[in-house]
Amino acid sequence: MLGLIVLSLTGMVLLCKSPLAQWNNMGVQPPAEKVYASDELWSHLMAGLGEVDRHFPGTKVLEATTDKSRGLLKFRLASEQRKSADAKTSVKKAHSKEEIYTYNVELKTISGVTTPVYRSELLRSIIKYSHRIHTGTLYGRWLQPVWFIFTVLSLLAVLSGFLYHGISCASTLGKITAPQVSPRKFWSDTHRLTGVIAGVFMLVMAFSGILLPAVADSFVNDLKAHEESAAEYFAKLDAEYGNVSANEMLLPSEALRRLREKFSEKEYRLLAVKFPTKERDFYSFYLTESPYGPMRYNAVELVGMRPDGENIFVVSPSPAVRLLAGTAQLHRLWSMKGAVRILWGIYLLLTLWMIISGLLVHIRRHQGDKEIVPSDGKPTAMDRLMLPAAFSLTAGLSFLSTMIDNSGLLAAGLLLLPLLTAAYRIKTEN
């Protein structure tokens, strides 16, 4: 239970990570004056590439991505040393190993990665170590198997709690009441009530948390395999028809236009563009149907395009990959905004209260002078299985809903069913 308390507390910090980090990090580019759509930023691609070429003549741009919240295009440049007269005076070389530069579409300026200034080093450390503890990367990855064991045990604890609830209370869905003032019953009633309300949330978070490390690694490996397949496909075309000459190569803006003819911006969000190089002589466009989150946790559609735009190579994500991506977004809350994020915070508090009240119930029952309250009647098989079956089905439906609703609102709505069930039972029991 100590591990679950640590995971819940660090999870609450990560839930508020973005606003806390934005307030604490004074050196980060402030939010843009207007909210940009992804394709609005991509429309400035040629201007951004022009600024890169002006500051770094002859530089090879390897990849471009967007930052919608700050109105930026991010460019990953080739690793060779690059300096020009303008660059020495206007742009310092980025500290990043990949040498990432940003183009501000509002100010029409390009700048390197800057060292942030923090209001509070303590808050920075809390966010940093909460992330490393929660993800199991503190001092390497030795915590990950420990967290895996804890989350498996939490799944078993919730399911066994549901079963015990049915065994100890003989009625459909068990006896759910508001906590009574009596010290003998208060903590038991509190644990039963918070378990019913927050138990399904713990099932969803624990199961998705177990999958999360595998999701990111598998997506990265899949994209590498798809890139290799695209490279083989275009290599065969080059061998058959010859390489694309320089005067036949499309400008990036024209390549984007041809991409959108087949993949509408209303259906697909463009995550990143990899430009042709000597090693991989084709464009790579990474698309997703989800409006949230970066490439690492999305079901990605890879579209390879020959530099002349005449041939494309498409790899679509499978239904299993889409489900895993929805699970990842559900857990990491990229799709959780506003009221849904508040709901998740309330569920985390209820989970902590469930764990604490359960420990207090355990302590009281082993003090030697307290007796377990006998059941009101003999439970049936339906009594024992209805609650775990109903709430496990709710958890499963919340996962499956991510395949049809990328916003996460439907999944969050389904997790309200235990709350409505508890409210109904309290009303009927009292």
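This report walks through the cores, a hairpin, a nonpolar patch and some salt bridges of the structure above.

The model is predicted, so local features need pLDDT of at least 70 and side-chain atom pairs count only at pLDDT 80 or more, while totals for chains, interfaces and linings use all residues. Residues are numbered from 1 along each chain as its sequence is written, and side-chain values use heavy atoms, with hydrogens and water left out.

## Two nonpolar cores

Let us start inside. A nonpolar core here is a set of buried Ala, Val, Leu, Ile, Met, Phe, Trp, Tyr and Cys residues joined through side-chain atoms within 4.5 Å. Buried stands for under 20% relative accessible area, exposed for over 50%, and partly exposed for values in between (1.4 Å probe, protein chains only). The largest core holds 32 residues, and Phe201, Val204, Trp344 and Leu415 have the most contacts inside it. At least two residues each come from helix 1 (2–15), helix 7 (143–168), helix 8 (183–241), helix 11 (339–365), helix 12 (381–401) and helix 13 (409–414). Helices (H or I, at least four residues) and strands (E, at least two) are DSSP runs, numbered from the N terminus. Helix 8 supplies the largest share of this core, with ten residues.

Which residues does Val204 touch, leaving aside its neighbours within four places in sequence? With contact taken as heavy atoms within 4.5 Å, the partners of Val204 are Leu330, Ala395, Ser398, Phe399 and Leu415.

## Strand 3 and its partners

Strand 3 (residues 100–104) is largely enclosed by the rest of the structure, because four of its five residues are buried. Two strands count as paired if DSSP finds at least two bridges between them. On one pairing, strand 2 (residues 72–77) runs antiparallel to strand 3, joined by five bridges, and Lys74 stands opposite Thr102. Strand 3 also pairs with strand 4 (residues 109–112), again in the antiparallel sense, over four bridges. There, Tyr103 faces Ile110 as its opposite residue in strand 4.

The hairpin of strand 3 and strand 4 has four residues between the strands. Lys108 sits in this loop and has a positive phi near 60 degrees, in a residue other than glycine. Most residues other than glycine have a negative phi. Lys108 counts as partly exposed, at 42% relative accessibility.

Leu393, Leu397, Leu400, Met403, Ile404 and Leu410 make a nonpolar surface patch of about 580 Å². Patches are made of residues with over 30% relative accessible area and no salt bridge, nonpolar side chains (Val, Leu, Ile, Met, Phe, Trp, Tyr) being joined within 5 Å and like charges within 9 Å. Areas come from the Shrake-Rupley method with a 1.4 Å probe, and for residues only the protein chains shown count as cover.

Helix 12 gives the most to the patch, with three residues. Leu397 lies in helix 12 and is partly exposed, at 38% relative accessibility. Ile404 is found in the loop between helix 12 and helix 13 and counts as exposed, at 72%. The C-alpha atoms of Ile404 and Leu323 are separated by 9.4 Å, although the two are 81 residues apart along the chain.

## Salt bridges

A salt bridge is a side-chain nitrogen of Lys or Arg within 4 Å of a carboxyl oxygen of Asp or Glu. The whole structure has 13 salt bridges. Three of them are listed here.

| Pair | N to O distance |
|---|---|
| Asp39 and Arg260 | 2.7 Å |
| Glu51 and Arg54 | 3.4 Å |
| Arg258 and Glu310 | 3.6 Å |

The pair of Asp39 and Arg260 links distant parts of the chain: Asp39 is in helix 3 (residues 38–42) and Arg260 in helix 9 (residues 252–262), 221 residues apart. Arg260 is buried, at 16% relative accessibility.

Glu51 and Arg54, by contrast, share helix 4 (residues 45–55), three residues apart, about one turn of the helix. Glu51 is buried, at 15% relative accessible area, whereas Arg54 is partly exposed, at 46%.

Arg258 is partly exposed, at 23%, and Glu310 is exposed, at 55%. Through shared partners, salt bridges join Glu254, Arg257, Arg258, Glu261 and Glu310 into one network.
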